[in-house]
Amino acid sequence: METTLRGVGVSHGVAIGEVRHMGTAVLEPPAKQIPAEEAGREQGRARQAVEAVAADLIARGNLAGGEAQHVLEAQAMMAQDPELMADVERRIAVGSTAERAVYDAFAAYRALLANAGEYLAGRVADLDDVRNRIVARLLGVPMPGVPDSDEPYVLIARDLAPADTALLDPTLVLGFVTEEGGPTSHSAILARALGVPAVVALPGAGELAEGTVIAVDGSTGEIFVRPTDEKRAEMESAAAARKAALAASSGPGATSDGHKVPLLANVGGPGDVPAAVEAGAEGVGLFRTEFLFLDDSKHAPSEEKQVAAYRAVLEAFPEGRVVVRVLDAGADKPLDFLTPADEPNPALGVRGLRSLLDHPDVLRTQLTSLAKAAEGLPVYLEVMAPMVADRIDAKAFADACREAGLEAKFGAMVEIPSAALRARSILQEVEFLSLGTNDLAQYTFAADRQVGAVSRLQDPWQPALLDLVAMSAEAARAEGKSCGVCGEAAADPLLACVLTGLGVTSLSMGAASIPYVRATLAKYTLAQCERAASAARSAESAEEARVAAQAVLSGE
């Protein structure tokens, strides 16, 4: 008998296949004592296991490339954290086995993260994965991970660690469903990059029996358990129609009546550029520069290294627009040379622009590097600051850009509600706004973007979030300036139409989403998008907003 479940759709497409469950997590090692003379040997085992796991994560990242590589390199750094290793060795010195010391040290660090604010709490799943891999190696048991299968399947997991998601084989893994996670979690972002249909935050997903046939709609978040022949045919027909629409769609982003909406790509470094170019991106709406700084958490990269990396991206979009976000460090991306180690709540502390203004030499070097990278290139370079709170922040950033001799447009990200509320004031200092809807939702609703239990509040369809988007877009229009969206909200084709109707002037997303958004925008006029936006803002919940917008665009 067919039954229907609903989670949060985070990656477009339809997958129909048998359920396969993720390998189980490592069991808790026994708490037995070792003789003092064995401590040195056990400490050596622990160090070897840590280095092996870090090397494996880096190798997986090199194979995956792009956004996945940056995520996995960050996990490798987590495995090699010197304070964690020192704690492991201390525990072994007083009698713990290597595996038990690793388990207990990670448990203590896990508790610190869980209570250290929204961003760091969101890294708990990554930390658990690193712990499991180290303990598995020490115990000599198989790594937890993607099941072996010769036949295509739908993967079910409590959550997916980046190391697993990064190397999913799309020819075997038709799609995946998780109990935890949210629309802006690492796994969701990587799923979109892979083009694998995915649904997250589905309570009870782990109870789906192995081998059960399910149909996954990564757009709506619906899961059909034991779908009827009619349902399968309906979903396959819809998927085929969507594929045909994508193939027929090309060129710049625009509504059916010719209103231009440039479709840009979010990239994390040169490795993401080929996919963006292939998808027809009209430029880059969010160039995350953190990847350069995560290689060495203790020292900033040299100007020469920065210039080379920036130029590689700028050269790929001649005559195109490339929007660079300066280093967004702090919270879940701590850097020893930049961010405080003892903040009680890093997500609400010195992060983003605040860190850079405290270390003007780091900001100056990055801005100078960008200026040199753009020399002689016919690219439209724009540079923006993360976590701008008010006009004082915006002015400080614009002044720094001018002092560095940067010939580019200066902008501010709207990720804090105060920036949306005072957008017109901020635009007295900068030339454009870019809405980071992931963080804007997180700070608006006090809802950690990694926690599935609050995924309702992370939903970018929330009317309160749409109100903040509208306020920002209206302020930009009044000042004759632009206001784009570079958060994951732009990757939702239906929501892209609503954002256009709210007055947003460009949309930036992962490369895999660009064809979907382009094809959907081309079906509707600007007036239809505006009516859908009005209907969505008048709703009382995210789900009602989505249904209301769909009804308007469907002509119901």
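What follows is a chat about a predicted model.

Biologist: Let's start with the sheet. How many strands form it, and in what order?

Modeller: Eight strands make up an open sheet, ordered S1-S8-S7-S3-S4-S5-S6-S2, with mixed pairing.

Biologist: And which strands stand at the edges?

Modeller: Those are S1 (3-6) and S2 (8-11). Each has a single partner strand, so one side of each has no neighbour in the sheet. On average, neighbouring strands here are turned by 30° against each other, direction ignored.

Biologist: What about S3 and S4, how do they run?

Modeller: Parallel: S3 (residues 14-21) is joined to S4 (residues 153-157) by three bridges. Opposite His21 you'll find Ile156 in S4.

Biologist: New topic: Glu99. Where is it, and is it buried or exposed?

Modeller: Glu99 sits in helix H4 (residues 98-114). Its relative accessibility is 12%, and the cut-off for buried is under 20%, so Glu99 counts as buried.

Biologist: Which side chain does Glu99 have a polar contact with?

Modeller: Arg45, at 3.2 Å between the side chains. Setting aside neighbours within four places in sequence, Glu99's contacts include Pro29, Glu42, Val135 and Leu138.

Biologist: Okay, the largest nonpolar core. Which residues touch the most other members?

Modeller: Leu367, Phe397, Leu406, Val498 and Leu507, out of 102 residues. Helix H20 (residues 463-478) gives this core its largest share, eight residues.

Biologist: What does Leu367 touch?

Modeller: Not counting residues up to four places away in sequence, its contacts include Val326, Val383, Phe397 and Leu406. Apart from that core lies another, of 26 residues, with Ala39, Met78, Ala101 and Ala105 among them.

Methods
Residues are numbered from 1 along each chain as its sequence is written. This is a predicted model: local features need pLDDT of at least 70, side-chain atom pairs count only at pLDDT 80 or more; totals for chains, interfaces and linings use all residues. Side-chain values use heavy atoms; hydrogens and water are left out. Helices (H or I, at least four residues) and strands (E, at least two) are DSSP runs, numbered from the N terminus. Buried means under 20% relative accessible area, exposed over 50%, partly exposed in between (1.4 Å probe, protein chains only). A polar contact is a pair of N or O atoms within 3.5 Å; within protein, one must be able to donate a hydrogen and the other to accept it, and residues adjacent in sequence count only if both atoms are side-chain atoms. Contact means heavy atoms within 4.5 Å. Two strands pair if DSSP finds at least two bridges between them. Axes are lines fitted to C-alpha atoms, for helices over the stretch in contact, and angles run from 0 to 180 degrees between N-to-C directions. A nonpolar core is a set of buried Ala, Val, Leu, Ile, Met, Phe, Trp, Tyr and Cys residues joined through side-chain atoms within 4.5 Å.
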